[in-house]
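Hi everyone, thanks for coming. I'd like to walk you through one structure today, so let's bring it up on the screen.

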Amino acid sequence: MTALPVSEAGLDDAPMTLADGLFRDRVVLVSGGGSGIGKATAWMMARLGAKVAICGRTAERLLGVETAFRDRGWPLLAQTCDIRDEQAVESLFDAVEARFGLPNILVNNAGGQFALAADKITPKGWRAVIETNLTGTWLMMQTAAQRWIAASRGGVVVNVTAANERGMPGIAHSSAARAGVVNASRTAAVEWAPYGIRINCLAPGLVDSGGLSVYPPEARAGFHRANPQRSVGHPWDMAQIIGFLASDSARYVTGATLTADGGGALWGDLWTIERPVFFSDTQQEAADHVS
Ligand SMILES: CCC/C=C/C(=O)SCCNC(=O)CCNC(=O)[C@H](O)C(C)(C)COP(=O)([O-])OP(=O)([O-])OC[C@H]1O[C@@H](n2cnc3c(N)ncnc32)[C@H](O)[C@@H]1OP(=O)([O-])[O-]
Ligand SMILES: NC(=O)C1=CN([C@@H]2O[C@H](COP(=O)(O)OP(=O)(O)OC[C@H]3O[C@@H](n4cnc5c(N)ncnc54)[C@H](OP(=O)(O)O)[C@@H]3O)[C@@H](O)[C@H]2O)C=CC1
């Protein structure tokens with residue numbers, strides 16, 4: 001696959017198939033917009049004319065994007081917010097409304113997990129990942145929907161989940177949370193259709209964002225091999241799919257989950273933690289295990 005740029009200057013020039021001005025004057029809120037997929041999405045939306053708001057827990061990350069947007073003359077609101085905190089979520093939406101008006105599009109991208117064998121995950125660790133990826137995502141989409149319904153306006157939600165239907169050893173907590181988001185999105189898509197609200201999920205496979213640095217180097221070294229394209233994806237790939245799902249081109253798409261994983265779900269073994277000998281490939285390793 002053709003390499004895509006990772007630098008901010010690269011995001012300015014990254015090739016795009018979406019039409020110029022596609023999101024002109026639309027208000028787009030991107031959670032986790034200070035890094036990785038969220039940052040690429042914020043950039044793409046700004047290039048397409050949107051007024052962008054981003055949030056995350058770390059002020060420095062947001063500041064980096066704020067500076068870059070100011071240099072380019074792009075409007076941006078950046079606010080720290082832990083999406084698990086319902087008061088913080090309300091304040092975030094208040095701030096976006098005060099600055100730009102009610103968002104038209106919510107990109108619910110913030111999330112993540114730590115990799116750990118399922119039998120080792122503590123109750124606190126389980127709660128941290130479920131509250132981040134399921135509860136936090138839910139609070140954001142419900143808050144958006146409540147405000148759209150109150151204003152008699154439609155809106156679009158794109159939830160970023162993960163392509164883990166086949167199971168992904170090391171992230172049982174995150175797999176549970178993402179399945180919850182996918183299923184909640186299906187039901188909400190039905191309940192909120194009368195209000196003109198669309199909700200879809202993007203389930204990325206492995207994407208070469210800084211986020212992958214939370215996985216051990218040995219696991220990362222094998223990521224590209226567990227994929228028929230022998231490659232990981234790029235945040236810009238995800239951004240453009242989010243752009244499609246958020247656009248009117250996808251107006252007849254709701255309650256769906258689009259998997260973008262280079263075919264990873266179809267082939268290859270992905271271990272985010274050390275692979276137990278039981279699953280070894282070589283005869284010698286297997287024999288060692290049995291003896
Ligand atoms: C490859 C698969 C595809 C997906 C790829 C991606 O998503 S790439 C994008 C990836 N990007 C990201 O993943 C980035 C975002 N991810 C995160 O910020 C964290 O993973 C989070 C979701 C846990 C945040 O929750 P938080 O702010 O509440 O975090 P906290 O630090 O306060 O921990 C709370 C509790 O969780 C537990 N625990 C935590 N870490 C470990 C560990 N390494 N080991 C063991 N346990 C761990 C521990 O119990 C801890 O409590 P303790 O023992 O300290 O009292
Ligand atoms: N990269 C990959 O291979 C894959 C990624 N994904 C998912 O895609 C999304 C984006 O990940 P990616 O860009 O790769 O990695 P990053 O780690 O760069 O992005 C995660 C973002 O979420 C923010 N975030 C995390 N927790 C919270 C919280 N509680 N409240 C507010 N913001 C939060 C982080 O900011 P901060 O820490 O400052 O809060 C960060 O900006 C995540 O949901 C991730 O799990 C799914 C499958 C594969």
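Predicted model: local features only at pLDDT ≥ 70, side-chain atom pairs only at ≥ 80, totals over all residues.

Residues are numbered from 1 along each chain as its sequence is written, with chains lettered from A and ligands numbered from 1 in the order in which they are written.

Let's start with helix 5 (residues 123-150) and helix 6 (residues 172-191), which pack at an angle of about 20° with axes 8 Å apart. Helix 5 is therefore roughly parallel to helix 6, a word used for angles under 35 degrees. Their crossing is right-handed, meaning that the near helix is turned clockwise from the far one by less than a right angle. Among the contact residues are Trp-126 and Trp-138 of helix 5 and His-173 and Arg-178 of helix 6; contact here means C-beta atoms, placed from the backbone, within 7 Å.

Next, helix 2 (residues 36-47) and helix 8 (residues 235-246) pack at about 55°, with their axes 8 Å apart. These two are therefore oblique to each other, and their crossing is right-handed. Met-44 is one of the helix 2 residues in this contact, and Trp-236 one of those from helix 8.

Finally, what surrounds ligand 1? There are 19 residues around ligand 1, and the closest are Gly-112, Phe-114, Gly-125, Ala-128 and Gly-211; the cut-off is a C-beta atom, placed from the backbone, within 6 Å. Gly-125 also takes part in the contact of helix 5 with helix 6.

Technical notes. Axes fitted to C-alpha atoms, helices over the stretch in contact; angles between N-to-C directions. Helix = DSSP H or I, 4+ residues; strand = E, 2+ residues; numbered from the N terminus. Parallel < 35°, antiparallel > 145°, perpendicular 65-115°, else oblique.
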